[in-house]
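Biologist: I am new to this one, so please take me through it slowly.

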Amino acid sequence: MSYQGKKNIPKITSDRLLIKGGRIVNDDQSFHADIYMEDGLIKQIGDNLIVPGGVKTIEANGKMVIPGGIDIHTHFQMPYRGTTTVDDFSQGTKAALAGGTTMIVDHVIPEPGSSLMESYDQWRQWADEKACCDYSLHVDITHWNDSVKQEVDNLIKEKGVNSFQVYMAYKDYYQMTNSELYEVFTFLAERGGIAQVHAENGEIIAEEQARMLQMGITGPEGHVLSRPEELEAEAVFRAITIASQTNCPLYVTRVMSKSAADIISQARKKGNVVFGEPITASLGTDGTHYWSKNWAKAASFVTSPPLSPDPTTPDYLNTLLSSGDLSVTGSAHCTFSVSQKAIGKDDFTQIPEGVNGVEERMSLIWDKAVTTGKMDENMFVAVTSTNAAKILNLYPRKGRIAVGSDADLVIWDTDSIRTITAKTHNSTAEYNVFEGMELRGAPLVVICQGKIILEDGNLHVTSGVGRFIPCSAFPDFAYKRVKARKQLAVLRAVPRGMYDGPVSEFSMSRGGTPSASARTSPTKQPVRNLHQSGFSLAGNPAPCGPPTPDDIPIRPAGRRIVVPPGGRSNITSLS
Amino acid sequence: MSGTGHQGRNSLPHLTSERLLIKGGRVVNDDQSLYADVYIEDGLIKCSMIIPLSFPHPYVGENLVVPGGVKVIEANGRMVIPGGIDVDTCFMKPFLGTQPVDDFLQGTKAALAGGTTMIIDHVSPQPGDSLLEAFERWQEAADKKACCDYSLHVDIPQWNESVKDELELLVQEKGINSFQVYMAYKDLYQMSDSELYEAFSFLKQLGAVVLVHAENGDLIAQEQRKILGMGITGPEGHPLSRPEELEAEAVFRAITLGNRVNCPIYITKVMSKSAADTITQARRKGCLVFGEAITASLATDGSHYWSKNWAKAAAYVTSPPLSPDPTTPDHLHTLLACGDLQVVGSAHCTYSTSQKAIGKDDFTLIPEGTNGVEERMGFVWDKAVAMGKMDENQFVAVTSTNAAKIFNLYPRKGRIAVGSDADIVIWDPDSVKTISAKLQQSAGEYNIFEGLECRGGPALVLSQGQVVYEEGKLQVQQGTGRFIPRKHFPDLAYQRVKFRNQVKGKQGVIRGMYDGPVYDVVPTPKYITPSPSAKTSPTSHQPPPIRNLHQSNFSLSGAQIDDNMPRRSGHRIVAPPGGRSNITSLG
């Protein structure tokens with residue numbers, strides 16, 4: 001485990017902790033055992049552990065002890081038109097820890113045209129300064145050319161990034177064409193990266209936005225009206241098709257609608273390697289609020305893809321999450337203040353996009369999926385933590401309570417009830433999209449890097465202790481199947497005798513060819529070589545056994561063609 | 001319906017003297033079958049004596065007073081069906097300067113021999129060509145050569161402003177109501193999603209049916225490069241570079257676009273199970289989409305691409321390709337039988353072997369197209385009706401009536417009724433023939449159905465009230481085919497669109513003005529708005545956001561329940577700038 005730079009030495013060497021009497025819940029099983037932690041790692045698990053004296057002991061009293069949550073999708077301190085999101089890495093990770101999430105994965109978003117590597121360094125600097133918990137980074141590919149290719153290669157090999165997001169929306173800005181997507185996916189498949197995709201059809205959105213504005217709809221409701229859920233489903237379908245062609249594992253960020261989720265689950269049933277990520281907002285609320293008369297409230301829900309106005313969406317997504325058709329949960333936490341959102345007060349296309357959710361994520365899933373009986377506690381651990389760790393290739397360091405794993409864990413209180421409100425949340429935003437929602441289930445104690453962060457309702461965080469956790473390429477979770485398929489999917493040409501019949505005159509100048517390549521055909525001069533022999537790579541093309549009509553009778557060299565040009569060409573006989 | 005807008009010299013039926021009586025036949029329309037005599041004069045069905053199905057058979061038409069000099073055809077209880085309509089033929093589609101071997105004469109002869117009495121051909125202008133000129137070229141060629149009535153689709157090779165005027169003219173004055181767009185053929189015909197959106201919007205206003213060639217051209221181009229790079233140059237590269245999911249993807253996208261624009265979509269050449277399934281699912285959700293299976297996809301599969309005989313393998317090359325999955329034809333027949341697919345075309349576009357050989361070293365250059373105009377009706381009968389999937393009425397629907405309805409030819413075509421054109425086929429469900437290139441009308445050297453046995457075929461074909469095919473003998477006259485103009489806004493496609501237009505009006509929410517602080521955006525906006533219009537946002541013209549504390553809370557709709565805590569004018573804002581903006585309250 002290669003910790004980076006100055007962070008090589010875990011800072012809290014003195015912390016020794018013992019959790020007694022807890023029920024350890026991993027994604028595969030639950031069992032009663034004590035946990036002893038030292039130097040930020042889990043050292044022992046079992047009954048009657050022999051531990052050094054002077055160890056702080058936490059009595060779990062039979063409560064669940066789960067691996068700390070991993071929020072695989074955040075946008076902290078994200079620059080946007082000269083401003084940044086109000087939750088920086090300090091505020092954001094604080095909110096994360098308060099909600100039981102002990103690791104976040106943030107998106108690096110380079111401006112189109114700028115260097116991926118520089119942006120990555122910038123984000124690293126911001127996060128190293130401020131993050132209160134461990135973090136990793138996704139890098140978004142906002143444009144595509146050879147130098148970007150090189151940078152992606154470096155990021156994978158040297159910088160510990162294994163997941164890259166591409167955009168199918170934001171026309172003329174981030175959006176990529178199908179050909180570019182194909183190339184990106186092909187490249188990532190070779191290098192063992194995960195292709196993340198923001199799936200919405202940007203071209204249709206652009207058209208619809210123009211139409212909405214023309215109709216005089218300028219408020220936040222225009223956002224959802226111009227991005228109907230079928231555009232999301234369409235893009236998901238397309239992304240899956242491209243990924244399947246390139247044999248690249250696909251990760252769909254922000255699954256917001258039933259139809260998009262359905263497409264993913266159908267594809268998984270067909271065997272596609274695709275992971276779907278619903279976010280806190282899509283699991284907990286719906287898009288009816290876009291029609292709120294309170295502009296600021298309506299605007300606070302603006303995110304892309306938008307929340308679906310169909311109020312049955314959250315329930316449906318929770319069901320698919322429980323059945324395993326959707327794999328991980330993020331928050332897409334990206335908060336703007338009301339005055340920032342008000343940049344778009346007269347034009348919904350200008351409203352900065354993003355909702356909160358990093359703090360509410362774990363509780364919300366517990367409340368909506370576990371207490372309703374949709375999923376069990378093990379599945380809860382899988383979708384909030386373990387699956388994310390597997391996709392990022394951090395398992396079992398993260399996402400599991402096991403000897404040797406990082407001491408990121410949470411004592412989960414299944415009974416506590418709290419009401420979400422912007423007045424008490426840890427985010428800086430004025431609005432909370434879950435305002436007024438009562439959620440059962442909350443962290444009682446949060447331990448991060450072997451240190452108690454939350455206890456008795458008190459949060460003690462230290463900015464800058466968060467370490468960058470490098471993710472390595474070719475995560476087994478995604479790539480084992482891909483590798484096996486690569487070996488199988490070898491295409492072979494059919495060995496045939498050369499076609500030696502007449503060839504029509506044709507002109508390449510007109511019409512062009514459907515092939516994108518500019519290569520010219522070797523048949524440029526259609527001169528019939530009557531004496532060419534029937535050459536075959538496969539030796540005797542007429543195999544032993546009963547001859548099939550398909551087999552070509554080889555024309556002996558030198559045989560005359562008797563039919564006139566343009567007439568029947570019987571060289572390769574009619575069968 | 002008769003006599004409306006026949007063109008030029010073709011407006012007079014050629015043989016006014018021909019009077020015919022089909023006696024004792026079972027008239028099969030798409031809705032019912034009944035015993036009736038059919039009397040034909042001047043190329044039209046003049047009257048029919050209808051006898052209920054329960055009437056003892058054979059019926060002797062004592063009651064029908066027939067003028068003298070009438071030729072009587074004894075149907076002897078056989079099926080009398082409306083002549084087939086083949087909605088997808090390419091008798092003149094140029095490829096790298098060569099033309100298909102079946103022109104309008106050869107092609108319509110083959111059509112009539114198979115029981116098809118009307119074809120709709122694709123006008124295929126090259127990018128940059130005038131649509132109107134191309135249309136006239138096609139019409140001229142067809143008027144000279146066609147032996148049966150025809151109509152034309154016009155393909156739109158590219159999208160720009162000048163195309164719009166031509167489209168309008170074609171719809172308003174030339175009797176064209178269907179246009180094809182391409183999602184494949186990158187850098188040639190392919191349109192981007194934005195262009196498709198605009199094209200769909202425009203064609204919807206004109207009341208036209210949008211035909212879509214649905215394949216993802218970007219991915220095909222990539223795959224072709226990859227496959228050629230692997231050294232695969234033979235026809236097997238064609239299906240390998242165009243796997244069926246690319247077809248399904250494009251169908252899905254086309255339907256999404258159509259649904260957004262609220263425009264009826266017609267998918268030409270449904271070749272694979274997954275594409276057909278995508279259409280089925282969309283129809284279940286209420287999308288306005290029609291699917292057209294073709295003879296080739298209904299009767300054979302793509303395993304032949306791997307044939308060792310290059311010329312044979314190349315004969316199957318068409319786009320989208322035939323699916324290598326041998327269960328495809330059966331699946332498509334099932335969907336056709338249950339109405340999820342509506343129409344059967346042939347996509348008849350035959351090239352000789354020497355023409356196909358243009359691509360002998362590079363499969364991407366093989367001219368695309370298969371035969372099927374002659375075999376179309378026979379195979380639907382053989383594989384669907386004779387197998388018990390479909391009844392005879394549905395057979396008439398998918399081979400003729402649905403096409404007539406979608407393209408606004410009904411009931412002039414596609415039905416045996418008084419006043420309809422006398423395009424009639426006496427169908428023999430028991431005839432068996434073996435398909436062979438040696439016996440076909442088409443000039444192609446290969447028949448992709450070679451050796452297949454086909455039950456069911458026409459015993460007699462009437463086109464424009466004239467016997468053109470009887471007992472295996474074809475008697476046609478070149479140039480007798482008339483251009484049949486078609487009106488816009490066909491009911492089958494557009495009735496629902498009209499209602500949906502009324503229902504789907506969207507309204508903005510009437511709110512009080514947002515009057516809180518607005519973050520000052522950097523004057524040079526780095527962020528380009530996703531909106532394609534060049535209009536600048538009203539906010540960008542505003543002076544720096546000085547808060548006007550005395551601005552009143554203006555509302556268009558008076559008091560609102562959720563206008564909780566409307567800010568009274570003069571109410572001080574206490575929160576500092578950048579802090580909480582409580583003007584529009586939390587809630």
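Biologist: Why does B:Y185 count as buried?

Modeller: B:Y185 counts as buried because its relative accessible area is 7%, and buried means under 20%, with exposed over 50% and partly exposed in between, using a 1.4 Å probe and protein chains only. B:Y182 also counts as buried, because its relative accessibility is 4%.

Biologist: What should I know about how these values were made?

Modeller: This is a predicted model, in which local features need pLDDT of at least 70 and side-chain atom pairs count only at pLDDT 80 or more, while totals for chains, interfaces and linings use all residues. Residues are numbered from 1 along each chain as its sequence is written, chains are lettered from A and ligands numbered from 1 in the order in which they are written, and side-chain values use heavy atoms, leaving out hydrogens and water.

Biologist: OK, aromatics: how many aromatic pairs are there over all chains?

Modeller: The count comes to 35 aromatic pairs over all chains, where rings of Phe, Tyr and Trp (its six-membered ring) pair if their centres lie within 6.5 Å, and planes under 30 degrees apart are stacked, over 60 edge-to-face and the rest tilted. One of them is B:F95 with B:Y351, an edge-to-face pair at 6.4 Å centre to centre with 65° between the planes.

Biologist: Where do B:F95 and B:Y351 sit in the chain?

Modeller: B:F95 is in the loop between β6 (84-89) and α1 (104-113) of chain B, whereas B:Y351 is in the loop between β13 (343-345) and α12 (353-356) of chain B, so this pair links parts of the chain 256 residues apart. Helices (H or I, at least four residues) and strands (E, at least two) are DSSP runs, numbered from the N terminus. B:F95 and B:Y351 are both buried. B:Y182 and B:Y185 also form an edge-to-face pair, with 5.7 Å centre to centre and 75° between the planes.

Biologist: Switching to chain A, what is the strand order in its open sheet of 7 strands?

Modeller: The order is β6-β9-β10-β11-β12-β13-β14 with parallel pairing, and two strands pair if DSSP finds at least two bridges between them. The edge strands, each pairing on one side only, are β6 (69-74) and β14 (274-278) of chain A. Neighbouring strands of this sheet are turned by 25° against each other on average, direction ignored.

Biologist: And which helices lie on that sheet?

Modeller: Among them is helix α7 (residues 229-246) of chain A, which lies across β12 (194-198), β13 (250-255) and β14 of chain A, at about 170° to β13(A). Helix α13 (residues 361-370) of chain A packs on the sheet too, touching β6 and β9 (101-108) of chain A, with its direction at about 110° to that of β6(A). Contact means heavy atoms within 4.5 Å, while axes are lines fitted to C-alpha atoms, for helices over the stretch in contact, and angles run from 0 to 180 degrees between N-to-C directions.

Biologist: Where is the pLDDT of chain B under 50?

Modeller: The pLDDT, the predictor's confidence in each residue from 0 to 100, stays under 50 over residues 1-16 of chain B, a stretch with 27 contacts beyond four places in sequence. Residues 579-587 of chain B are also below 50, with 30 contacts beyond near neighbours in sequence. Where pLDDT is low, the predicted coordinates should not be read in detail. For chain B the mean pLDDT is 84, and 83% of its residues reach 70 or more.
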